[in-house]
Amino acid sequence: MQVYRWTLTMALSIVHRATGIALYVGTLLLVWWLVAAASGPAAYANVQAFTGSIIGRLIVFGYTWALMHHMLSGIRHFVWDLGYGFKANEREALTWGALIGGIVLTVLIWIIAFAIGGGR
Amino acid sequence: MSAPDTPKRSMRTPLGRVRNLGAAHSGTSDFWRQRITAVAMTLLMIPALVIVMMLLRSNHAGAGQILSSPPVALILLLFIAASTWHMKIGMQVVIEDYVHNEKLKLVSIMLNNFFSVAVALASAYAILKLSSGV
C-alpha cells in the first residue's frame, strides 16, 4: 500500500465511508426526534432543547454536511458506475465538486433554516 | 477468497460456478439495491428537506399538524424505507471488508440487520401514529 501516492480520490473514498457510518449512527437522533413527536409535547421539548444547544447544533450541522457530502459523493460514484468520468482530470473535478458542493449545500441549508425561523 | 471445491466430474464450467456470486456469496442483488435506494433518496432529498425545515420552525402541535398530511407522511416513509435499506447494505459492505473473523462477522451482520430494522420500524411507527392524529 505504501507504494501508492496518496490521492484526493483515495482520501475521499474513505470520507464517503466515514460519512456513511456517521449517518448510520445519526439515525438514532432522527428516531429520537420522530418517536418524541409521537410521544407528546414534553418528550418533544426535550429533543428541541438538545437540538437547540451548542453541542446539539454542532451534531446536526455535522449531520447535514455528512448527508450532503455522502449524497454528492454517491452521485459521483453513480457517474463512474455508468462508465463516465474516469480520465484523471474528470476524476479530480468530480471529487472536488463533491467536496465543495457538500460544504456549499450545508451552509445554504442552514442559512435557509435560520431565515425561515427554524434556527431557534 | 479461496475457490469453491471442484467436484471430480462436473459439466459446469468454472465461470458458471462463480457467475452471479461475489465475496458476499449472494451475487449482485445488494449492489443493485444499493443504487436503487440511492437514486430514490436523491430524488426525495428536496421534498424531505422542505418537510424537515417546516417541522423545525413548529412546536409539537404544529409538527403533528404537518405530519398529518398524507403526502408529507408518505414522502417521509419512502425516505425512511430507502435510507434504512441503503444503510443496512452499506454497513454490511463495511463489515465484510474489515471483520475477518467469520463468527464475529456473522454476529456483526446480524446486529446490523437488527439495528436497521429497528430504526425503520420505530420511525415508521412514529410517523403513522402522528399522521393518524392519535
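Predicted model: local features only at pLDDT ≥ 70, side-chain atom pairs only at ≥ 80, totals over all residues.

Colleague: OK, chain B. How many helices and strands are there?

Modeller: Chain B has five helices and zero strands. Helices (H or I, at least four residues) and strands (E, at least two) are DSSP runs, numbered from the N terminus. Along the sequence, the pattern reads α-α-α-α-α.

Colleague: And what percentage of chain B counts as buried?

Modeller: 23% of its 134 residues. Buried means 20 or more other C-beta atoms within 10 Å of the residue's own, exposed means 12 or fewer, and partly exposed is in between, with C-beta atoms placed from the backbone.

Colleague: Switching to the interface, how many residues of chain A are in contact with chain B?

Modeller: 25 residues of chain A contact 21 residues of chain B. In contact means that the C-beta atoms, placed from the backbone, lie within 7 Å.

Colleague: Which helix of chain A gives the largest share of that side?

Modeller: H1(A), with twelve residues. By class, chain A's side has 18 nonpolar, five polar and two charged residues. Here Ala, Val, Leu, Ile, Met, Phe, Trp, Tyr, Cys and Pro count as nonpolar, Asp, Glu, Lys and Arg as charged, and the others, Gly among them, as polar.

Colleague: What's the angle between H1(A) and H4(B)?

Modeller: About 130°, with the axes 10 Å apart. That makes H1(A) oblique to H4(B). Angles under 35 degrees are roughly parallel, over 145 roughly antiparallel, 65 to 115 roughly perpendicular, and the rest oblique. The axes are lines fitted to C-alpha atoms, for helices over the stretch in contact, and angles run from 0 to 180 degrees between N-to-C directions.

Colleague: Which residues meet there?

Modeller: From H1(A), they include Gly20(A), Leu23(A) and Tyr24(A), and from H4(B), Met87(B) and Gly90(B) are among them. The residues of this contact divide into six nonpolar, three polar and one charged.

Colleague: Last one: is Arg5(A) buried or exposed, and why?

Modeller: Arg5(A) is exposed, because it has 5 other C-beta atoms within 10 Å. Arg5(A) is in the segment before H1(A).

Key
Residues numbered from 1 in each chain as written. Chains lettered and ligands numbered in written order. Contact = placed C-beta atoms within 7 Å.
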